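Please read this briefing alongside the sequence and the model shown below.

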Amino acid sequence: MHILKKVGTALLVLVLVLIITAAIGMWYIFTPEKLTPIVNKQAKKYLVCNFIIEKVEPTFFGTYPFFGVEITNLCLTENTNAPNPDTL
């Protein structure tokens with residue numbers, strides 16, 4: 001019984017450390033000021049149109065148990081220098 005108590009305490013401490021680490025990561029490392037340039041850089045690789053992304057912020061606690069990003073003011077416009085522009 002004494003061993004189970006020690007194992008339980010160790011697991012509880014491990015879970016608390018992981019939660020604290022995730023919270024620090026969410027508040028200091030994954031800030032919108034740091035995420036927005038990363039998303040803009042990756043969007044240039046995948047989007048062939050002109051785009052503007054104003055702000056990107058992580059949404060872990062609002063979408064638990066899933067991790068996602070919330071994009072504010074995303075504007076996608078047609079490339080005007082394309083050879084055959086589409087008329088939508």
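A residue is called buried under 20% relative accessible area, exposed over 50%, and partly exposed in between, with a 1.4 Å probe and protein chains only. By that scale C75, with a relative accessible area of 35%, is partly exposed. The model is predicted, so local features need pLDDT of at least 70 and side-chain atom pairs count only at pLDDT 80 or more, while totals for chains, interfaces and linings use all residues. Residues are numbered from 1 along each chain as its sequence is written, and side-chain values use heavy atoms, with hydrogens and water left out.

**Cysteines**

- A disulfide is a covalent bond between the sulfur atoms of two cysteines.
- With a disulfide taken as a pair of cysteine sulfur atoms within 2.5 Å, a search of the whole structure finds zero of them.
- C49 is itself partly exposed, at 23% relative accessibility.

- Helices here are DSSP runs of H or I with at least four residues, and strands are runs of E with at least two, both numbered from the N terminus.
- Helix α2 covers residues 32-46, and its 15 residues reach 21 Å from the first C-alpha to the last, close to the 21 Å expected at 1.5 Å a residue; the expected span is 1.5 Å times one less than the number of residues.
- Within α2, the residues L35, T36 and A43 are buried. They cover an arc of only 100° around the axis, which puts them on the same side of α2, the arc being that of the directions from the helix axis to the C-beta atoms.
- The face of α2 turned away from its buried side carries the exposed residues E33, I38, K41, K44 and K45.
- A43 has a relative accessible area of 11% and is therefore buried; its C-alpha atom is separated by 18 Å from that of T31, twelve residues apart along the chain.
- I3 has its place in helix α1, which spans residues 2-29, and is exposed, with a relative accessible area of 64%.
- The C-alpha atoms of I3 and I20 are separated by 26 Å, the two residues being 17 residues apart along the chain.

- Patches are made of residues with over 30% relative accessible area and no salt bridge, where like charges are joined within 9 Å and nonpolar side chains (Val, Leu, Ile, Met, Phe, Trp, Tyr) within 5 Å.
- A nonpolar patch on the surface is formed by Y46, L47, F67, V69, I71, L74 and L76, which together have about 710 Å² of accessible area, a quantity from the Shrake-Rupley method with a 1.4 Å probe, for which only the protein chains shown count as cover of residues.
- Strand β2, residues 69-77, supplies the largest share of the nonpolar patch, namely four residues.
- L74 lies in strand β2 and counts as partly exposed at 45% relative accessibility.
- N73 also lies in strand β2, and its phi is near 55°, a positive value in a residue other than glycine.
- The relative accessible area of N73 is 48%, so N73 is partly exposed.

**Salt bridge**

- With a salt bridge taken as a side-chain nitrogen of Lys or Arg within 4 Å of a carboxyl oxygen of Asp or Glu, the structure holds one.
- Which side chains meet in a salt bridge? Those of K55 and E57 do, at 3.5 Å from N to O.
- K55 is partly exposed, with a relative accessible area of 35%, and E57 is partly exposed as well, with 25%.
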